[in-house]
Amino acid sequence: MAWLQTEVLIIGGGVLGAAVARELSRYRVEAALLEREPDLGWGSTKANMSIVCQGADALEFRPEYKRSRLVWESIPMMEPLCRELGVPFKRIGELTLIRNNEERAKYQKLKTRAEKVGFTGLRFVDRDELFAMEPHVSREAVGALYNPDIAVVDPVRLTIALTESARRNGVEVHLETEVLGIERSGEEFLVETNRGEVRCRFIVNAAGVYVDRVARFLNADEFVLYPVKGFIGILDKDLGHLVSHEIHMRPEAPGEMNIVVPSVYGNLFFGVVLRLGRKGDNSTTKEMADTALRNLRKVLPGVSEGDVIHTFAGFMMFRNWELGWHECVVEASRKVPRFVNVSIGYPGVSAAPATAKEVLRLLEGEGLRLQEDPSFEPGLEAPPSFVDLPPEEQQSLIERDPRYGHVVCRCETVTEGEIVEAIRRGANTLDGVKFRTRAGMGRCQGGYCTPRVIKILARELGIPETEVTKKGKGSELLPLRSKELLG
Amino acid sequence: MKEAQIICVGCPLGCRATLKVSREGEVLEVTGCRCKEGRRYVVEEFRNPVRVLTATVLTEGSRVPLLPVRTSSPIPKEKLREAMKVLAKVRAKPPLRAGEVVLEDLSGTGVDLVATRDLPS
Amino acid sequence: MRLQGVDVAVIGAGPAGMAAAIRAKEAGAQRVLLVERQEELGGLLHQCIHNGFGLLYFGEDLTGPEYAKRFIDRVYDLGVETLLETTVLEISPEREIKVINKGGLQSFRPKAVVLAMGCRERTRDQLGIPGGRPAGIFTAGTAQRLVNVEGLLPGRRVVILGSGDVGMIMARRLSLEGARVEAVVEILPYVGGLIRNEVQCLHDFDIPLLLEHTVTEVHGERRLEGVTVAKVDSHRRPIPGTEVQMECDTLLLSVGLIPENELSRRAGVELDPLTGGPIVDQWRETTVPGVFAGGNVLHVHDLVDNCSWEAELAAEGAVRFAKGERTEGREICLRPGRNVRYVVPQRIRGEGPVTLFLRVREMEEGVRVRVGDLWQKRFRVVKPSEQIKVELSHKDLRRLPDGVAEIRVECEVAG
């Protein structure tokens, strides 16, 4: 008897897997999603700059690439999707700084190419207009190419909302479930996991950094993916006013993007320094940090090391790293029937909505019958974000549940009510609470709230505090009690 | 005759004193201190090093898991580790007021362990 | 609780806030309100279970909880009103205060405000220590709360970065609780805190103190497995080739305190980049009229006793303001000069007395510290980790000639 029997199995609970799950939940299809970490979106989904774009950081706009098409189709879909799911979306626009004629000529070519494929909104701004829009950027700039469509989102919140919507509409979601092997048995796949065996007919391989490993279980991989590690830094919210658009400056060296962008929450993200990395090793290095800061100062000269409140590294799986440009892997395997590989590399968040639809088309091509489910419920009641509510709603929330009146994370104004709600909805680790509520993401980086969040987790989960982890088994935060070492 | 090095902690200067000590343990000479309080301190510290022990004890029957405590006066430095082991077995039960004795004669020192705050139920 | 009609509101009920609230009552304020985000009064004092508090203020050697209790009792005896588990969301430039607690949201406008929010700790990411993000890395103050209040230990093999007092005290605390403290790592060539703590926290427990060293990397993915420690040169940069690996499961960071002025900033209070705290006059009034500050929120103190005393000054200023008294007279700027990192207050308005605090930039021996021509004193040694406190009287200030707009506070080499 299999532990789980389903028709379509989605491997990977990042933004792509979650988008596919939600798309499938529109139809009368039995589906399940497996995620190896304790919560959703903990791979590349949480480790990027949260930008929704046309893939325009490369500003290449090559229509012959499937990746471009998927990203462009996604653009009009993202805002309605975020509104439907009740997650943040903010259109901020992008300014690519021009410092000399060579750069102007290059961006003129790109603008022309963009217009050819239908993006007519780009325009040049001169010095005066640039500095009226962005008074703090480096005076090295003589103008900019302005792209009004760029937006920012919260990729993890989006992923969680997509998954919750999918679950609400019938998709089974299993966390802390890792795929260890896959075999074929007639028309079925036998998927070995740490929880038991899963039997399914179709597999969507959206395993992020491990997409090639999963494909290799069945020799379905016909692609080579290079793990490219990107270093990103976050600046203190106090500096959030320094820019209001995504600012992009052409980097000096290959392997370095020079971007500063305000997040939906008002922090500034900067980066990205790219290096070929080793999967699973998300450590940052001093060299990457120094490079990122040096590049940042070319855009915002006044910023210093002390303004950086957090740094992290994430992976993008690039298909043709050596070309400096890459195509995605969104295709049915040519070797194994009913097996679809999904990997965008970059920009995964931006491409998610259209990629999900494309994956369903591919599944149909592999024989999946899609019949619309009239009971599909598109909306989702997002968990309340206390600090974003108007005062009357804050007051009535507190009257309903006084725990919304107890501020636990002072830096980001996160209340006990929100933390309890996040735990109710699936967070069972300190990082899980952090990514769902923002508690611990502020300037004190959890200095004040961590002990309190640990206590709340222990209380709500009914476990001793010594068992509360940062990010799953093996990362217990406080493994010992007072006096335990005194025999 | 031997020498002992003691750092005076009486004031921020932190004078490093050298004590010449006879075979019988009698302090013959003190050099390196810049004041007489310091000289007195280092001799005392040599003869009989003592420390105030501050720690916590586990509680029983209180919503608060720990009670902070202190020794009512300094105890011999070499007794600190043993005192911690003894203290580990203590369970403070409410109600207790700050200043109340939690454990008498800690580790045979003649010094009591007292609560430094009230313990509510 | 009816919040309209509060004379003085004090934000934060630690050693500074409690002292301010008490003094405000003693100085004649009718309604004094003390707002605190934690469930009880006392702030960080409850987790400071060690002694060394009150030596100056009470003339006694007290533990943190004992020091707190003296103030807590007096707060209640005097009828200071308290709002616990209440967070101040905002203070407007017009002194409109918005608070939140389980009862809901409330706004009120006291006649004067004393800011006493204290400080927060510098974080790993502000130092830019590379590596992964495993469990097992805490700032020393957070670890202190966990060990001393919650009864939980972060690990069994500990490395501590930073030899300030908090770091050294945690070294002792964890050793006493049976953990093994492998080393205290300090980037400067001298210890960051009191000699007393070096002896009684490190020597007593045979904990190695690695001066002129720093942590250059952390290892471990889920849980900390070790750190890389390297020697640093005279510019505090790691020297390649000197790296050693230290196995540990816990890293405590005691690498600096930062005054917590988010509320102050949003209220329009001007901050001094040299202290991280508000610019104030001798009454501790900030650049926003009616808003005063004292304690660690103003500048990081060494002694809790001085936090309390300074907050009392702020409270007196607040009561004067609430009564409608305004300071007249010339304004004099105090500027840090040679080898002085900062001076508080940054300005003197009108007459004295003035209680002044300063810190030097670098350790120096055989110096004379002077406040213009008003005050001077020789010191055998001065260190950045030891504040210097100066009391100037009315008379001292009257010696200043008319038209003087600036006084330099300097640390000179004495002959």
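How many residues does the contact take from chain A and from chain C? The contact takes 45 residues from chain A and 39 residues from chain C, two residues being in contact if their C-beta atoms, placed from the backbone, lie within 7 Å. This is a predicted model, in which local features need pLDDT of at least 70 and side-chain atom pairs count only at pLDDT 80 or more, while totals for chains, interfaces and linings use all residues. Residues are numbered from 1 along each chain as its sequence is written, and chains are lettered from A and ligands numbered from 1 in the order in which they are written.

- Helices (H or I, at least four residues) and strands (E, at least two) are DSSP runs, numbered from the N terminus.
- The largest share of that side, 5 residues, comes from α9(A).
- By class, the side of chain A that touches chain C has 15 nonpolar, 20 polar and 10 charged residues. Ala, Val, Leu, Ile, Met, Phe, Trp, Tyr, Cys and Pro count as nonpolar, Asp, Glu, Lys and Arg as charged, and the others, Gly among them, as polar.
- β24(A) is joined to strand β12 (residues 152-153) of chain C by 2 bridges, and the two run antiparallel. Two strands pair if DSSP finds at least two bridges between them.
- Leu480(A) has Leu153(C) as its bridge partner in β12(C).

**Chain A as a whole**

- Chain A holds 12 helices and 24 strands.
- Its radius of gyration is 23 Å, close to the 23 Å that the globule rule gives for 487 residues, so chain A is as compact as a globular protein of that length. The radius is taken over C-alpha atoms, and the rule is 2.2 Å times the number of residues to the power 0.38.
- The C-alpha trace of chain A spans about 70 × 60 × 50 Å along its principal axes.
- Of the 487 residues of chain A, 57% count as buried. A residue is buried if 20 or more other C-beta atoms lie within 10 Å of its own, exposed if 12 or fewer, and partly exposed in between, with C-beta atoms placed from the backbone.
- Among contacts in chain A between residues at least 6 apart in sequence, 71% join residues at least 24 apart.

**Strand β14 of chain A**

- Strand β14 (residues 202-205) of chain A is covered on both faces, with Phe202(A) and Val204(A) buried on one side and Ile203(A) and Asn205(A) buried on the other.
- Strand β2 (residues 8-11) of chain A runs parallel to β14(A) and is joined to it by 4 bridges; Leu9(A) stands opposite Ile203(A).
- β14(A) also pairs in the parallel sense with strand β21 (residues 339-343) of chain A, over 3 bridges; here Ile203(A) stands opposite Phe339(A).

**Helix α10 of chain A**

- Helix α10 (residues 416-424) of chain A is mostly covered, 7 of its 9 residues being buried. Among them are Glu416(A), Glu418(A), Ile419(A) and Val420(A).
- These buried residues pack against α9, β22 (407-409), β23 (414-415), α11 (430-437) and α12 of chain A.

**Chain C as a whole**

- Chain C is divided into domain 1 (1-121 + 257-327), domain 2 (123-255) and domain 3 (328-415). The bounds come from an automatic or database domain assignment.
- The centres of domain 2 and domain 3 of chain C, taken over C-alpha atoms, are separated by 35 Å.
- Chain C has 9 helices and 31 strands, and its C-alpha trace spans about 65 × 60 × 40 Å along its principal axes.
- The radius of gyration of chain C is 22 Å, which agrees with the value near 22 Å for a compact globule of 415 residues.
- Buried residues make up 57% of the 415 residues in chain C.

- In helix α2 (residues 80-87) of chain B the buried residues are Leu80(B), Ala83(B) and Leu87(B). They cover an arc of only 60° around the axis, which puts them on the same side of α2(B); the arc is that of the directions from the helix axis to the C-beta atoms.
- The cover over these residues includes β4 (50-51), β5 (54-59), β7 (75-76) and β10 (113-115) of chain B together with α5 (165-176) of chain C.
- The contact between chains B and A takes 6 residues from chain B and 4 residues from chain A. β5 and α2 of chain B are the elements that give two or more residues to the chain B side.
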